[in-house]
Amino acid sequence: MPEVILKVENLYKSYGELTVLNGISFQVRQGETTVIIGTSGTGKSTLLTCINLITPPDKGRIWLEEIEITDPKTDINLVRSSIGMVFQHFNLFTHLTVLDNVRLGLTVVKKIPKDRATAISIEKLNLVGLADKLNSYPAQLSGGQQQRVSIARALAMDPKLILFDEPTSALDPELIGEVLNVMVKLAESGMTMVVVSHEMGFARAVANDIIFMENGIIVEEGDPETMFHHSRNPRTQEFLHKITELYGGRPK
């Protein structure tokens with residue numbers, strides 16, 4: 001069985017009197033994909049940003065392999081270089097070309113020589129189908145292309161884990177498939193991923209584990225077969241029925 005690469009233990013986060021995460025615990029094994037689903041405002045995105053301490057949790061512990069991320073003595077910037085993050089909105093530098101957007105982290109954070117960083121960046125852009133857009137600027141790209149640049153940027157850093165926060169939610173419907181297809185290929189290649197998404201077809205196709213969250217807790221967790229066909233919790237059944245009806249089953 002693959003080793004555990006991410007472990008989240010008893011995580012809490014509140015904003016004033018609003019409890020967003022209420023004792024979340026789960027783990028992700030190397031090479032596997034965990035898909036987190038649930039209604040809006042239930043803490044899914046906050047959970048992702050807690051994992052790399054963009055949002056510091058109030059209580060709880062997180063490990064990436066043997067490193068406790070939540071230990072105050074941990075060099076969080078070093079840990080973050082091993083965790084890719086792809087957001088809903090693309091967060092590209094509009095004044096930089098596609099190549100420069102992908103290459104920047106390699107030269108600035110990892111201090112890789114420019115020639116080597118360029119070769120890595122081109123390789124990752126080719127992987128997401130954008131090798132012909134090296135010299136384009138974000139404004140010249142579709143939303144789907146911009147999100148694929150974001151994925152290439154995350155991949156270029158050679159992460160141990162990539163977090164995806166609803167990566168298709170800001171896209172027009174006809175552009176969603178091109179991003180999901182890239183993510184399916186990543187999952188099939190053995191990239192370890194935690195994905196917040198409402199794309200049930202993607203979850204069915206690639207998830208090793210699906211987590212249904214509501215009101216800051218994990219209501220139910222299981223593999224796709226269990227969750228879609230044998231879920232025990234009525235709230236899980238109701239949510240999956242509604243979300244599948246609404247969004248369908250992309251990708252095929």
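This is a predicted model: local features need pLDDT of at least 70, side-chain atom pairs count only at pLDDT 80 or more; totals for chains, interfaces and linings use all residues.

Reader: What is the angle at which the axes of α3 and α4 cross, and within what distance do they come?

Author: Two packed helices are described by the angle between their axes and the distance between the axes. Here the axes of α3 (residues 98–108) and α4 (residues 114–127) cross at roughly 125 degrees and come within 9 Å. The angle makes α3 oblique to α4. The crossing in which α3 passes α4 is right-handed.

Reader: How do the axes of α3 and α5 cross?

Author: The axes of α3 and α5 come within 8 Å and cross at roughly 25 degrees. An angle under 35 degrees counts as roughly parallel, so α3 is roughly parallel to α5. α3 passes α5 in a right-handed crossing. In this contact, Val98, Asn101, Val102 and Leu106 of α3 meet Val149, Ala152, Arg153 and Ala156 of α5. By class, the contact of α3 with α5 has 6 nonpolar, 1 polar and 1 charged residues.

Reader: Which residues in α3 are buried, and what covers them?

Author: The buried residues in α3 are Val98, Leu99, Asn101, Val102, Arg103, Gly105 and Leu106. Their cover includes α4 and α5.

Reader: Let us turn to the sheets. In what order do the 6 strands of the open sheet lie?

Author: Strands of a sheet pair through backbone hydrogen bonds, either parallel or antiparallel. In this open sheet the 6 strands follow the order β6-β7-β8-β3-β9-β10, and the pairing is mixed. Because β6 (83–86) and β10 (217–222) stand at the edges, each with a single partner strand, one side of each is left without a neighbour in the sheet. On average, and with direction ignored, neighbouring strands of this sheet are turned by 15 degrees against each other.

Reader: Which helices lie across β6 and β7?

Author: Helix α5 (residues 143–156) lies across β6 and β7 and runs at about 175 degrees to β6. Helix α1 (residues 44–51) lies across β3 (33–38), β6, β7 (161–165), β8 (193–196) and β9, and runs at about 150 degrees to β7.

Reader: How many bridges join β9 to β10?

Author: Strand β9 (residues 209–214) is joined to β10 by 5 bridges, and the two run antiparallel. One of the residue pairings places Ile211 with Glu221 in β10 as its bridge partner.

Reader: What is the order of the open sheet of 4 strands?

Author: The order is β2-β1-β4-β5, with antiparallel pairing. Its edge strands, β2 (18–29) and β5 (67–68), each pair on one side only. Strand β1 (residues 4–15) runs antiparallel to β2 and is joined to β2 by 9 bridges. Ser14 stands opposite Thr19 in β2.

Methods:
Residues are numbered from 1 along each chain as its sequence is written. Side-chain values use heavy atoms; hydrogens and water are left out. Axes are lines fitted to C-alpha atoms, for helices over the stretch in contact, and angles run from 0 to 180 degrees between N-to-C directions. Angles under 35 degrees count as roughly parallel, over 145 as roughly antiparallel, 65 to 115 as roughly perpendicular and the rest as oblique. A crossing is left-handed if the near helix is turned anticlockwise from the far one by less than a right angle, and right-handed if clockwise. Two strands pair if DSSP finds at least two bridges between them. Contact means heavy atoms within 4.5 Å. Buried means under 20% relative accessible area, exposed over 50%, partly exposed in between (1.4 Å probe, protein chains only). Ala, Val, Leu, Ile, Met, Phe, Trp, Tyr, Cys and Pro count as nonpolar, Asp, Glu, Lys and Arg as charged, and the others, Gly among them, as polar.
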